[in-house]
Amino acid sequence: MQQIISFILKNKYFLLFLLLEIIAFTFTMQSHSYHNSKFVNSANAITGGVYKKVNSFKEYTSLKEYNEQLLEENVRLKNLLSKIPRDSTSKLVTVVDSVKYFQKYSYTSAKVIRNQYNRKFNFLMIDAGMDQGIKPDQGVVNSRGVIGITNSTSKKYTTVLSILNETSNINVKLLNSFHYGSLAWNGKDYNVLQIKDIAIQANIKVGDTIITGGKSTIFPEGIPVGTILNFNKENNTYKEVNVKLFNDMSAIGPVNIITSYDKEEIENLLQGLD
Amino acid sequence: MNEIVKNSLLFIVLILVQVIILNNINFLGYINPFLYILFVIVFPLKKDRGLLLVLSFLLGLSIDFFLDSGGVNAAATVCIAYIRLPLIKALTRKSEIDFPVFKIIKLPFLKLLSFIAIITLTHHLVLFSLEYFKFAEILTILSRTILTSIFTIILIIFSLLLLNKNK
């Protein structure tokens, strides 16, 4: 017993060092896995408050850019609107029971107050949280495409798992065919992502547009992602399909958060399958 | 100024400077210097190393909270806090009696530079190794370690000169 105590006293700094390193290591391992409630995250009042203050200064320098993005989005939405009458005159629709026509998605707006794109596991922060009805695992997009998925929330702030994160995996498809793949990032260029598991039958070409696939409960179908930059073919499978994003991930301002109303229903159904 | 007040002020200022300014530099797309380890370098030498270890852990963890990086900064900072004293002893051959009057800036320049370089390289190597955590990425880890270290070392030397001019 005495020997143990004298050993501890003799090596107390080394043991303290070891203890602190083990704690730090545990936090690190936690942050490398996707589905773990994390103790160390920036969605709290102190870090959120600091980032919000800093952002309120930086915002003014990008107002012009944000205006242009909004104009761009308006044009796109107006073009979509102008296509509607032609379709609806060809088939007359009578809605008898409005309860059957559920709204599938709703959008909430927020601002990115902290952007990150130069690490391997990148997280953003937005200035909306539980008070605005944000929950973990909701999609985050802007007018030019997918940004990420909400991760942890506090009362007023939310961290977003960026698509520039090794653990991120998003279902995408080609605009002009029904071939699906999953979007991931290899950690190199922050405007170029990779598509995995796309079938050889897809017959992709450089410049093809990629949109979200709608196979997940998080993103609706048809949100723009990017265009194919280049790809390799090896043994009759696609290797390294690179996608250039429409977004510039280093300059993101206002975003929308998507609430999916069918999420629970779909997940309940899928749970029955397992 | 009281030593405790001075060091707590330095602690907070370094976190804020790191989070607000230095993490947004992104030189060449990804190089951000880590000035906050200056705290470990200038912290007064004491026989009791426990306080520095705990403070370093808290400093690293605070940076981790801002960066959402788990515990990589905490692990790296604790690591350099642990090797600091043996390193100073090896470099200067000073005994424990000299500690209260010892000032890091009073070292000859070459010794000071090698001390800062070893501390910085160790910190960055641990940091990036834990962040990437894959043997296949060893080249990325090394190149990022060296490139970032150069900037951190330059910044630390300038800050040391600045801190000493004010007195």
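Two strands are taken as paired if DSSP finds at least two bridges between them, and the legends below describe a predicted model.

**View 1. Strand S9 of chain A and its antiparallel partners S6 and S10.** Strand S6 (residues 170–174) and strand S9 (residues 209–212) of chain A pair in the antiparallel sense through three bridges, with A:Leu174 standing opposite A:Ile210 of S9(A). S9(A) is also joined by three bridges to strand S10 (residues 224–234) of chain A, again running antiparallel, and here the bridge partner of A:Ile210 is A:Gly226 in S10(A).

**View 2. The two assigned domains of chain A.** The domain assignment gives domain 1 as residues 2–29 and domain 2 as 41–86 + 108–260 of chain A, and the centres of these domains, taken over C-alpha atoms, are separated by 43 Å.

**View 3. The area buried between chain B and chain A.** In this interface 36 residues of chain B are in contact with 34 residues of chain A, and the buried area is about 3100 Å², of which carbon and sulfur atoms give 63%. On the side of chain B, the residues that lose the most area to chain A are B:Phe65, B:Phe66 and B:Asp68, together 22% of what that side buries.

**View 4. Salt bridges and polar contacts between chain B and chain A.** Three salt bridges are found across the interface, among them the one between B:Glu131 and A:Arg119, whose closest N and O atoms are 3.2 Å apart. There are also 11 residue pairs in polar contact across the interface. Helices H1 (3–20), H3 (50–67), H4 (72–92) and H5 (109–132) of chain B each supply at least two residues of the side that touches chain A, and H3(B) gives the most, with nine residues.

Terms used. Residues numbered from 1 in each chain as written. Chains lettered and ligands numbered in written order. Predicted model: local features only at pLDDT ≥ 70, side-chain atom pairs only at ≥ 80, totals over all residues. Heavy atoms only, no water. Domains from an automatic or database assignment. Helix = DSSP H or I, 4+ residues; strand = E, 2+ residues; numbered from the N terminus. Contact = heavy atoms within 4.5 Å. Buried area = accessible area lost by both parts, 1.4 Å probe. Salt bridge = Lys/Arg side-chain N within 4 Å of Asp/Glu carboxyl O. Polar contact = N/O pair within 3.5 Å; in protein donor to acceptor, adjacent residues only side chain to side chain.
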